[in-house]
Amino acid sequence: MSTDPSILIPAVVTLAVFSILYRENPVFRAVERLGVGLAAGYAFILIVRTGLIPRLSKALGAPFDPSSVLLLLPLAAGIGLVMSAVGHRTQLARFAVAGAAAIGAGLALPLLMQALVLSQMKASMVPMGLSSVVGFNALVIAICVLTTMAYFSFTREPTGIRALFAISGLYTLMIAFGATFASLAMSRITLLIGRFLFLLRDVFHLVQ
Amino acid sequence: MDYPAVVASITKIDRRFIYLLVGLAVAIPLLLAHQAEVEPTEESMAFHAGVSTLGEGDVVLLSTDYHAGSASELNPMVRAFATDVFRRGARLVVLSLNAQGTGLVEAEINKIAAEYDRTYGVDWVFLGFRPSTPAVILALSASPHSLFPQDFRGNELAELPLTAHLNGYRDFSLICVISSGATAQDWVIYGHGRFQCPMVAGLSGGIGPAFQSFVDTHQIAGVLVGLRGAAEYEQMLELPGEALRALFAQSLTHMLFVALIVIGNISLLATRWIENAMR
Amino acid sequence: MDRRIRIVVLVLGILAVVQFFVPHASGRWVHQKLLDWLVILESGALVAGIVALARHEVLQFGASGGRARIYPLLTLVGLGAMIFSGILGPINERSLFGSLYAWLLQPIQATMLSLLVFYMASAAFRSFRLSSAPATILLAAALIVLLGRVPLGEKIVPNISLFSTWIIRVPNVGATRGLWIGIGLAGSATALRVILGIQGPASWKGR
């Protein structure tokens, strides 16, 4: 068994988290809460020390440069947000939220149509038919696209052919969700393998 | 035999027994150290082909977006990709779009760079983390120095040989996104959507199926999905690593999931059948 | 007040859209400034979140008694340890900051997420049932992909990987493509509504 603290401490922490599988216990809760604090502190340092401070120190180095002055506006709005987090609600916080939402929406507007709607529609409009595998698959994809969209069409109550399309859309979605569940299970199993490999190899030296 | 009692005991099995089975399904194959082999999929081969276009001195942007929770799945991809890039003599600019994964990525690349004798600042640079993925992706196109005046280690970007003359996406021969979350989608929308930059991706299993449609549209040139994708890439590089090793444990746990679903449903059907028979 | 917010949203939103169609240097300058602002505003929002967490934990520490006090205290200790080690020393892997990350935070996060496998397995046994036609289809697709994605599955059911690949490449692509188109259309409509002040911060009254 390893005696290196860089292995032993993570091993103890790992086993403390696994203890929840037996039953709820204070050790698990303690580690969980410690993790929340560490994660928040880690993000804080990355944002402030590596992100904000270098940029602001550059701006403060040239305080009369228009670019530097312009950086102070979002900074003031950001301080407003922090103030609202400690209970002092300011108008600056509202401007901060409004500014972020407006810029985000403006940047997304032209690109969402291009990258998601037009490209995906174009890929669905390819030669299709029953004479070849490629054509058959393209036909199935086109039908699945239409039925999925029909399922989310709530303008009118689906009746007749529209209901048939909507139900087919539900079945298509179920196939996709089934595939996603399987892939997600695969993903989570990998994470457990990682922890077991750490315990068996690095801590207990049971495998090479 | 008291069939109703047997069926009832199966349906009321203690959850901890299932947990134990999962633990054994993972631990036993790891102890056996059996190395699996996989047949690469078209998507993984396309990923490899994308990296194969790189030559000596080319600059690659590696964007990582995952935290320690997804490290077992995505670290093997980062390791294999960095190895592939360094073996080809290309250079690497790495950035993190998830604060919690920042230290993890730096440590991984550091190890590979040391193994291939690559110098920091000349052959690779770690930019660190910035919030707001869309803004970071768009800002890298025009003003990387404004967004990142310094790298993660506090060096001035303008003073490092690799990044001194970095002006945007035209300087990158390839972009690789290793992601467990929504930033892969942001790269498709803001990166490829606006600049049509050549892009490959390594995705966690959970989001892999949703991104298959971007492979069809060539918005993503090639993709590795989950541990299997990482294992295929390791095999193509002839670089057996953790992914190939873990694949046997993965197989056995999948089988356990299948068995649990089947047994759960058989016990349900049997309960219904017994209830009907007793009426 | 509402009017000023509306004007800010409208002006910034239009500037962000227009720069996309203006390849001139002035368009690029505006673009860069807007991106700078967005990064700083989001940094501010994240810092505000962390400050709110600290405040919540301090209040909880004051309000609780006995052993329950330990939990908010531990969150504050973790937060404080990271912040002080990050401010006072270097932040590379060999520093105290890097060690706290590698020795504590990394294993906690990795193990927490890996717990989901156990819960998924238990849920698969108890809840993944043939209760209706859609549930049966979901179950069948999940079983095929579970078997088809690993080498052992191919040995148990020959050619299952072909069928699994077909599910991912054809019906799955059809369904997700429909979803992506919907996301694109809905996202564009929402972005337009935010810029025009119908939805989002400009429409929030008296809050």
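**Exercise 1.** How much area do chain B and chain A bury between them, and what share of it is on carbon and sulfur atoms?

*Solution.* Keep in mind that we are working with a predicted model.
- Step 1: Start with the total, which is about 4,100 Å² buried between chain B and chain A.
- Step 2: Look at the atom types; carbon and sulfur atoms carry 68% of that area.
- Step 3: Leu30(B), Ile189(B) and Arg245(B) give 12% of the area that chain B buries against chain A, more than any other three residues.
- Step 4: Now count residues in contact: 52 from chain B and 43 from chain A.

**Exercise 2.** Which side chains meet in a salt bridge, and at what N to O distance?

*Solution.* 
- Step 1: Check the count between chain B and chain A, which is 1 salt bridge.
- Step 2: Identify the partners: Arg201(A) and Glu242(B), at 3.1 Å from N to O.

**Exercise 3.** Which element gives the most residues to the side of chain B that touches chain A?

*Solution.* 
- Step 1: List elements that give two or more residues to this side; among them are α2 (15–32), α8 (183–195) and α11 (242–278) of chain B.
- Step 2: Pick the top one, α2(B), with 9 residues.
- Step 3: Sort the residues on this side of chain B by type, giving 22 nonpolar, 20 polar and 10 charged.

Methods:
Residues are numbered from 1 along each chain as its sequence is written. Chains are lettered from A and ligands numbered from 1 in the order in which they are written. This is a predicted model: local features need pLDDT of at least 70, side-chain atom pairs count only at pLDDT 80 or more; totals for chains, interfaces and linings use all residues. Side-chain values use heavy atoms; hydrogens and water are left out. Contact means heavy atoms within 4.5 Å. Buried area is the accessible area (1.4 Å probe) that two parts lose on being put together, summed over both. A salt bridge is a side-chain nitrogen of Lys or Arg within 4 Å of a carboxyl oxygen of Asp or Glu. Helices (H or I, at least four residues) and strands (E, at least two) are DSSP runs, numbered from the N terminus. Ala, Val, Leu, Ile, Met, Phe, Trp, Tyr, Cys and Pro count as nonpolar, Asp, Glu, Lys and Arg as charged, and the others, Gly among them, as polar.
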